[in-house]
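Colleague: I should like to learn how to read the features of a model, one at a time. May we take each general idea and then turn to the case at hand?

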Amino acid sequence: MDHGNQKLISYAVTGAVVAVVLFLRMRSLTRERRLRLELMWILPVVMLVAAAALFLQYPPHGSDWLWLAAIFAAGASLGWWRGRLIPISVDPDTHLLNTKPSPAALLFLLALFVVRFGLRGTLAAESASWRISPALITDGFVVFSVGLFSISRLEMALRAWRLLGAARAAKALASA
């Protein structure tokens with residue numbers, strides 16, 4: 001099998017997986033889910049540990065750290081924006097937090113995936129002419145993801161704490 005067919009099969013398989021995941025996620029957009037503040041720290045910690053393990057195995061050098069800091073900042077700012085797209089509600093009686101998946105947040109992640117997938121071939125081909133290390137490209141995507149998902153959860157947690165505090169204050173005021 002020639003290289004062109006392998007690439008086409010790779011794109012087709014990736015597209016099929018993304019389509020299945022999107023189909024499953026779109027079906028659940030109407031259902032509210034419980035938001036557990038006490039568990040929101042787990043994903044960011046796992047991602048930070050994975051990133052640290054990557055950096056320990058293949059440490060960035062010199063100005064790579066500046067690039068990674070800028071990439072983290074970009075991921076963090078997009079993560080804050082993504083977190084704001086996800087609606088959070090508080091049950092006034094039980095004070096349970098609920099979230100409803102946002103179609104905008106899902107489309108945002110899809111757009112990031114498409115950009116990342118589209119850049120994969122371009123960056124690999126151009127990295128030699130730009131003198132960019134392939135390791136820096138990989139590290140950049142890891143750092144971007146850490147910023148995106150960690151700060152997204154941070155924004156959601158801060159907003160959820162504010163909403164919960166307001167609901168508790170309203171209930172205390174109503175019962176007084």
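**Reading a buried serine and its surroundings**

Modeller: Let us begin with Ser 152, which is buried at a relative accessible area of 0%. Please keep in mind throughout that this is a predicted model.

Colleague: In which element is Ser 152 found, and which residues does Ser 152 touch?

Modeller: Ser 152 belongs to helix H5. Leaving aside residues up to four places away in sequence, Ser 152 touches Gly 79, Trp 80, Arg 82, Gly 83 and Gly 147. One of these partners deserves attention: the side chains of Ser 152 and Arg 82 are joined by a polar contact of 2.8 Å.

Colleague: Let us turn to rings. How many aromatic pairs does the structure hold?

Modeller: The structure holds 1 aromatic pair. Phe 55 and Trp 65 form it, with 5.6 Å centre to centre and 70° between the planes. An angle over 60 degrees counts as edge-to-face, and the pair is therefore read as edge-to-face.

Colleague: Which parts of the chain does the pair link?

Modeller: The pair links distant parts of the chain, with Phe 55 in helix H2 (residues 42-57) and Trp 65 in helix H3 (residues 64-85), 10 residues apart. Phe 55 is buried, at a relative accessible area of 17%, whereas Trp 65 counts as partly exposed at 43% relative accessibility.

Colleague: How does one read the two sides of a helix? Which residues of H2 are buried?

Modeller: One asks where the buried residues point around the axis. In H2, the buried residues are Pro 44, Met 47, Ala 51 and Phe 55. They cover an arc of only 75° around the axis, so they sit on the same side of H2. The face turned away from that buried side carries the exposed residues Val 46, Val 49, Leu 56 and Gln 57. The cover over the buried residues of H2 includes H3 and H5.

Colleague: And what span does H2 reach?

Modeller: With 16 residues, H2 reaches 23 Å from its first C-alpha to its last, close to the 22 Å expected at 1.5 Å a residue.

Colleague: Which residues of H3 are buried?

Modeller: In H3, Asp 64, Leu 68, Gly 75, Ala 76, Gly 79, Arg 82 and Gly 83 are buried. Because they cover an arc of only 125° around the axis, they fall on the same side of H3. On the other side of H3, the exposed residues are Leu 66, Trp 67 and Arg 84. As for span, the 22 residues of H3 should reach 32 Å at 1.5 Å a residue, and the end C-alpha atoms are 31 Å apart, which agrees.

Colleague: Where is Ala 104 placed, and how far apart are Ala 104 and Arg 82?

Modeller: Ala 104 is in helix H4 (residues 103-130) and counts as partly exposed at 38% relative accessibility. Ala 104 and Arg 82 are 22 residues apart in sequence and 8.4 Å apart in space, C-alpha to C-alpha.

Colleague: What phi does His 95 have, and where is His 95 found?

Modeller: His 95 has a positive phi of about 65°, although it is not a glycine. His 95 is found in the loop between strand E2 (88-90) and strand E3 (97-99) and is buried, with a relative accessible area of 16%.

Colleague: Finally, what pattern does the protein chain follow?

Modeller: The protein chain comes to 5 helices and 3 strands, in the pattern α-β-α-α-β-β-α-α along the sequence. Of its 176 residues, 30% are buried. Among contacts between residues at least 6 apart in sequence, 81% join residues at least 24 apart.

Methods. Residues numbered from 1 in each chain as written. Predicted model: local features only at pLDDT ≥ 70, side-chain atom pairs only at ≥ 80, totals over all residues. Heavy atoms only, no water. Phe/Tyr/Trp six-rings, centres within 6.5 Å; stacked < 30°, edge-to-face > 60°. Helix = DSSP H or I, 4+ residues; strand = E, 2+ residues; numbered from the N terminus. Buried < 20%, exposed > 50% of the residue type's maximum accessible area, 1.4 Å probe, protein only. Polar contact = N/O pair within 3.5 Å; in protein donor to acceptor, adjacent residues only side chain to side chain. Contact = heavy atoms within 4.5 Å. Expected span 1.5 Å × (residues − 1). Arc of directions from axis to C-beta.
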